[in-house]
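I opened this entry to keep track of what I looked up in the model, element by element. The notes follow the order in which I went through it.

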Amino acid sequence: MRDTRTPWCVQWTVARKGLVVPDIGWCAVSGVPLLGRDGEVERVVSAVGDPARVILVRGEAGIGKSRVLDVVCQRLVVGGWNVVRVGGDELDRPVAYSGLRAALAEYADPARECGVLTAALVNMLDVAAGVPVESIVAVTRALFGELTEVSPVALAVDDLELLDADTLALVGGLLHRRGTYPLVLLGNLRSVSFSVAGELPSLLDWARVRGYLREVEIGPLGERAIRELVAGAVLPAGADAAAAIAMVAADSGGNPLFAMQSLLEFAEFGIDGEPVPGMAVADRRRAFLDRVLRVDHPARLLSRAVALMGRVTSTRMGVVSEMTGLSPTQAAQAFDVLVERRILVRGGGGDYRVAHHFLQDVLCGEIGPAQRWHWQRLVVEHLYSLPPSPESDLEIAAALHGIAEIGDDRAIEVLARAAVQVGATAPRAAVPLFERALALTRDGDPRTGMLKSRLAGALLLAARPRDAATAARAALESVGSGDERARLVTLAVDALVLAGEPDEAADLIDAEVALPGASARLLSKAAHVRAVTGRPVEELVLAAESGLAAAPVAEQVVALGHLIRARALQSNFGALPDLWGRLDSVSATVSESARLGALTVIGLTQAVAGDTAAASATITRAQGLLAESNVTLYREDLAIASVHNALNRGDWSSALSIAEEISGELRDGGQTAHHDMLAALTVEILAHRGEFAAAARAGTGSLSTDPHVAALQVWASAGLRWLSGDVGGAREILAAQLDSGSTPLWHRARLRVRQAVLELDAGVADQAARIAAEALGGGVRSMDHQTYIAARLVHGRAVRDRAEVLEGIVLADAGQFELLRGQGRLWLGELGGDSAAVVEAARIFGSLGAAPWRRRAVVELRHRGLSIPRDRGGADTALTEIETQIARLVQQGRRNREIAETVFLSVKTVERYLTRVYEKTATTSRFELARALDGGLLD
């Protein structure tokens, strides 16, 4: 049953449009009537909801987008929606989470629905609180998850292009998730000269590709609406209304904001352009303040000081007195008057602020440049006199803008501290603080290297890898040998790889490891990066191995992780089991974060190597640790491991669900290699399911600069072309990739086997046999397990060797490679005589949803005059890998929302899987399931 409590509609419009916005009920709307927009309002309202997740109201500045948004929000509230109004602002844009925090602050009342959780989130979104990003993400998801369990939710954003990047990234993550009721982003956006970079274009591209985006264009008002607007205005006494209407209609071009400005021009200058006495712009602003404030000179002076400071407490009244020249008694009296008139209002922290942003802007506009500089210096000196704290550092950093001078040591120290503090939760907001601190340093300042180093780290976390690499290299010029240099080199290398420049990364780290005293950690990292580019790694691996025994345990864990990745990229799969065991053993005594990282590396490379059973066990262990801890650093890598293993084991629906759930996070985080890898795996699954159009849409990105990802993209694209009937196109791109010198060994084997399967399917058996034999020449230790099995199967089919095909089927069954199990049985049946194998192949393909392959098996069965197997449902009681993981998390006492976070699925998808688990295990509740598992049900 839907909750019937009053829905909440919080507004925070801070776009400084110069309009006073009076409160009307729960939503605030302009006093100007909305004229001539009924059609646009209806189009927006009808677009809200599934499947649309992003609805844009587009139009030029002043065309009425905000007013349309206001009316739509009112309509949604009446319809039972919860509406959260968020505003974007150029001035507040550099402040992390400023948009969302301000929007939620007015709802942080424990007496209201979800008020306790909202209050907690508001506190966490304060950059001064120093809360880690992952905790903010978790609580935000929890809040909006609870809201969407009760009713649909709309995030209504005024001036979407001005929303701070951190809020936008958070909102983008929310839109990937699904609840009982929909969550949509409703925003207005200028349609002219929209060229912002960063989060917004990526979010809109994501929504557009998936069909989730709806756009409503706001055009000019008709002449009748313009006349009604002018007719409702208050014109100067004796003004010619007809002349005003004619001028406004001619000047506005149907734009209501231009119409209002034209009316002001008429009021100030008249129809002939001559100034109207007493109506200068400064006078108009002063008249506005006179009408709003209605206070004496001391109170007005004090209100300006508070507007400039942003907030004031009882401990700051001294500096306010000094700024204004008022005595303490006069300042106290003026303060009380402003509070009584509600010009100053109390904030959540006990401080007082100007009640309205527009009023604050007008008050600041009354302060001249010289007085502003003098007052800001007084404020900064006062803040310096307070005991150092994260809060005061942030305030000083804000106040220093425009007054700090080069060589100001105190300013540099405060800006650096504030940047470090902000960087823990909002690295994008930390970047300008580090840059400002660097701008104040003199040539030769010993702090320059440290600041550049920290700036590089913030840039990398802010998803600006190319800038991070540049900053890190600049910092290296002033950093000597030792741990700090090794850390900087690693940071620069990671940034270059993320930026799609693996060769440049390898060149950089090669130069570093050539220096004396390179640590095992740096040597193993070099081996990993060189393996990415296909360069020799043996000397580096041996050097790293020789230094491992003397290295600290934490460094051993990191080094072994790099060595495992290097060996996997080398196609040296035979070396992996020993490395897996060593890393698992060494990491048993390290921190939760390092342990989780070790398990993630092991699970990912086990999945890639095709050791499905071991990968399933490792991934389950890692997910258990992820659920128990607050660490989210390795969440994306663990998700990719889950997708790989689900693909191998034939749990394609789970693989696609996980890929969709995290692809946006990878894209938004600048992890292009991982994002492109997931896209390639998605293409592979959809092609084998016969969903060719969807596969083509998923693979529309450009070829990656990472050679491993590029080879994977070509492999998947060739599969799509082949299965959809373009055999010639598949042959062409496979041959081109194999002829290029950049294709890694591991992928060469995989591409060759795909070539062999394609030739076999095209009826060129001798060519297929030759290609498969070449691929098998390196032996089982030189390729991943599934590629080796596929090569055995296609070679046996090509040379008509039933024994070899049967050996391949045994290996596929043991490894739980469902597609290979079906292909092997189909090819065995095609060799003649074994109809049961073809029947089983059709059943396997049917359970996978592999439509092209099932059609082929059906054709073979019909050719033999045999009946087609039907899937009656309910026969398979074995839990899939994802079902097993969910069951184990239920056994740990985890809630569905926690399970969804851990296995990278939506809550609704977890609920569907849990229903299947109950059916398969003959249980009816979480308690019964946990008790059955405690009793050894899955052991």
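**Cores**

I began with the largest nonpolar core, which holds 264 residues, and found that Phe144, Leu160, Leu185, Leu302, Met323 and Trp853 are the members touching the most other members. The helix that gives the most to this core is helix 34 (residues 707–723), with 10 residues. I also noted a second, separate core of 22 residues, with Val48, Val57, Trp81 and Ala154 among its members. Going back to Phe144, I listed its contacts beyond four places in sequence as Val84, Val153, Leu155, Leu174 and Leu183. I keep in mind throughout that this is a predicted model.

**The chain overall**

I then looked up the totals, which give 46 helices and 10 strands for the chain, and 54% of its 939 residues counted as buried. For contacts between residues at least 6 apart in sequence, I noted that 67% join residues at least 24 apart.

**Helix 22 against helix 23**

For helix 22 (residues 483–498) and helix 23 (residues 502–513), I noted a packing angle of about 165 degrees, with the axes 7 Å apart. The two helices are therefore roughly antiparallel to each other, and their crossing is left-handed. On the helix 22 side I listed Arg485, Val489, Ala492, Val493, Leu496 and Val497, which meet Pro502, Glu504, Ala505, Leu508, Ile509 and Glu512 in helix 23.

In helix 44 (residues 896–903), I listed Asn896, Ile899, Ala900, Thr902 and Val903 as the buried residues. Seen down the axis of helix 44, these fall within an arc of 165 degrees, so they line one face of the helix. Phe904 follows helix 44 and has a positive phi, near 65 degrees.

In helix 46 (residues 926–934), the residues I found buried are Leu929, Ala930 and Leu933. Their arc, seen down the axis of helix 46, is 95 degrees, so these residues too line one face of their helix. Phe927, Arg931 and Asp934 are exposed on the other side of helix 46, while its buried residues pack against helix 43 (881–891) and helix 45 (907–921).

**Positive phi in two loops**

Ala922, in the loop between helix 45 and helix 46, has a positive phi near 55 degrees, and with 68% relative accessibility Ala922 counts as exposed. Arg800, in the loop between helix 38 (785–798) and helix 39 (802–815), is likewise not a glycine and has a positive phi of about 60 degrees.

Note on methods
Residues numbered from 1 in each chain as written. Predicted model: local features only at pLDDT ≥ 70, side-chain atom pairs only at ≥ 80, totals over all residues. Heavy atoms only, no water. Buried < 20%, exposed > 50% of the residue type's maximum accessible area, 1.4 Å probe, protein only. Helix = DSSP H or I, 4+ residues; strand = E, 2+ residues; numbered from the N terminus. Arc of directions from axis to C-beta. Core = buried A, V, L, I, M, F, W, Y, C linked by side-chain atoms within 4.5 Å. Contact = heavy atoms within 4.5 Å. Axes fitted to C-alpha atoms, helices over the stretch in contact; angles between N-to-C directions. Parallel < 35°, antiparallel > 145°, perpendicular 65-115°, else oblique. Left-handed = near helix turned anticlockwise from the far one by under 90°.
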